[in-house]
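Q: Could you take me through a close look at one helix pair in this model, and at the residues that meet there?

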Amino acid sequence: MTRLLHFFSLFGSLSTLLCCALPVTLVTLGMGASFASLTSTFPQITWLTLHKDALFMGTGLVLIISFILMQYASKQPCPVEPGKKEACQSSRTPSKWIFWISICIYIVGLSFSYIIPRFIYGITS
C-alpha cells in the first residue's frame with residue numbers, strides 16, 4: 001500500500017512538473033517553438049495545465065498521506081522471518097528517497113506555477 005502511494009505521489013509530482021515548470025522553463029529559455037512542438041505531440045500537457053489547481057491539490061493530498069504512512073511505517077518493526085525482514089529493511093531507504101524526490105519536484109512545480117508568476121507579472125489575486 002505504501003509503495004503504491006509513493007508511486008502515485010511521484011507520478012503526481014511529475015505531472016505538476018510537466019504541466020507548469022516545463023512550459024515556463026522552455027519559454028523562458030527561448031524555446032517556445034520546442035514547447036509548441038511538444039504540446040502538438042502530447043496534447044495532454046494542455047489538459048494538465050487547464051486543471052492545474054485540482055492537480056496540485058490532489059498531489060499535495062497524496063504527498064501528505066504518503067508522509068503520514070511513511071512515518072507510521074518507520075515506527076513499526078520489521079517482520080521476524082528472514083526474507084520479509086530483509087525486504088522490509090531494504091525497502092525503507094528507497095521509499096524515503098522517492099518521497100523526498102517527489103517533494104522536491106512538487107515544490108519546483110509549485111514555484112513555477114504559483115510563486116514565480118506573482119513576482120514576474122505582479123499578480124496579487
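**The α4–α5 pair**

A: Helix α4 passes helix α5 in a left-handed crossing (left-handed if the near helix is turned anticlockwise from the far one by less than a right angle, right-handed if clockwise). Please keep in mind that this is a predicted model, in which local features need pLDDT of at least 70, side-chain atom pairs count only at pLDDT 80 or more, and totals for chains, interfaces and linings use all residues. Residues are numbered from 1 along each chain as its sequence is written, and side-chain values use heavy atoms, with hydrogens and water left out.

The two partners are α4, residues 52–74, and α5, residues 82–121; they pack at an angle of about 155°, with their axes 11 Å apart. Axes here are lines fitted to C-alpha atoms, for helices over the stretch in contact, and angles run from 0 to 180 degrees between N-to-C directions. The two helices are therefore roughly antiparallel to each other (the term applies to angles over 145 degrees; under 35 is roughly parallel, 65 to 115 roughly perpendicular and the rest oblique).

Which residues make the contact? From α4 come K52, D53, F56, T59, G60, L63, S66, F67, M70, A73 and S74, while α5 supplies R92, S95, K96, F99, W100, S102, I103, Y106, G109, L110, S113 and Y114. Contact means heavy atoms within 4.5 Å. By type, these residues divide into 11 nonpolar, eight polar and four charged (Ala, Val, Leu, Ile, Met, Phe, Trp, Tyr, Cys and Pro count as nonpolar, Asp, Glu, Lys and Arg as charged, and the others, Gly among them, as polar).

Now for the rings. The structure holds five aromatic pairs, and one of them joins F56 and Y106: it is tilted, at 5.6 Å centre to centre and 55° between the planes. Rings of Phe, Tyr and Trp (its six-membered ring) pair if their centres lie within 6.5 Å; planes under 30 degrees apart count as stacked, over 60 as edge-to-face and the rest as tilted. Since F56 lies in helix α4 and Y106 in helix α5, the pair ties together parts that are 50 residues apart in sequence. Both F56 and Y106 are buried (under 20% relative accessible area; exposed is over 50% and partly exposed in between, with a 1.4 Å probe and protein chains only). Ring pairs also link F56, Y106 and Y114 into a cluster.

P77 is found in the loop between α4 and α5, and at 67% relative accessibility it counts as exposed. I101 sits in α5 and, at 42%, counts as partly exposed.

Definitions and conventions
Helix = DSSP H or I, 4+ residues; strand = E, 2+ residues; numbered from the N terminus.
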